[in-house]
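The following exercises ask the reader to work from the coordinates to a description of local structure. Each task is followed by a solution in steps.

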Amino acid sequence: MKKPKTNAMRRLEALKIPYEEHTYDGGDGSISGVEVALTLGQNPEQVFKTLVTVGKSGEHYVFMIPVAEELDLKKAAQAVGEKSVEMVRSKELLSLTGYIHGGCSPIGMKKFFQTTVHETAMIYDTILFSGGRIGYQIELSVEQLGKVIDLQLADVVKA
């Protein structure tokens, strides 16, 4: 059976950027990012979650951090030049990005948002992140990801 393609996969293919696809049984999406990494036999420090925030200005920002880490909202705000940022509520995610909680990819959102990737991503040849659907992960180098979305690197996790 052929797996359906997600917006993120279609975008990568349109740009002729090779990627590796990993799938797992995501069930209802309640599986944690660390459990996803372990299920796929991957280092949790190399598997990134995609978080969507809103700044005091009303602008939205995307942060990608290792699944076992927690976003430091002060560092995140500083990285994007905002007074403060807060997480977007799960119920707002679909209309804003086109993705649901647990399946939010930084690639192929309805609209492009400034994206900050935690600086440890550069340690690895590739990182894994949501492929745009629960149970789908995309593996790509940060350099290749930067050809699809405009990103910056910064320290944005809690110490």
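**Exercise 1.** Which exposed residues does the face of helix 3 turned away from its buried side carry?

*Solution.* The model is a predicted one.

Step 1. Identify the buried positions: in helix 3, which spans residues 73-80, these are Ala76, Ala77 and Val80.

Step 2. Viewed down the axis of helix 3, the buried residues fall within an arc of 100°, so they line one face of the helix. An α-helix has 3.6 residues a turn, so residues three or four places apart point the same way.

Step 3. Turn to the face away from that buried side: the exposed residues there are Lys74 and Gln78.

**Exercise 2.** Determine what the buried residues of helix 3 pack against, and describe what is found at the ends of the helix.

*Solution.* Step 1. The packing partners of these buried residues are strand 3 (60-66), strand 4 (85-87), strand 5 (114-118) and strand 8 (151-154).

Step 1. Just after helix 3, Gly81 adopts a positive phi of about 70°.

**Exercise 3.** Is Gln46 buried or exposed?

*Solution.* Step 1. Locate Gln46 in the loop between helix 2 (33-39) and strand 2 (48-55).

Step 1. Apply the cut-off: buried means under 20% relative accessible area. Gln46 has a value of 14%, and is therefore buried.

Step 2. List the contacts of Gln46, leaving aside residues up to four places away in sequence: Tyr124, Thr126, Ile127 and Leu128.

How values were computed
Residues numbered from 1 in each chain as written. Predicted model: local features only at pLDDT ≥ 70, side-chain atom pairs only at ≥ 80, totals over all residues. Heavy atoms only, no water. Helix = DSSP H or I, 4+ residues; strand = E, 2+ residues; numbered from the N terminus. Buried < 20%, exposed > 50% of the residue type's maximum accessible area, 1.4 Å probe, protein only. Contact = heavy atoms within 4.5 Å. Arc of directions from axis to C-beta. Polar contact = N/O pair within 3.5 Å; in protein donor to acceptor, adjacent residues only side chain to side chain.
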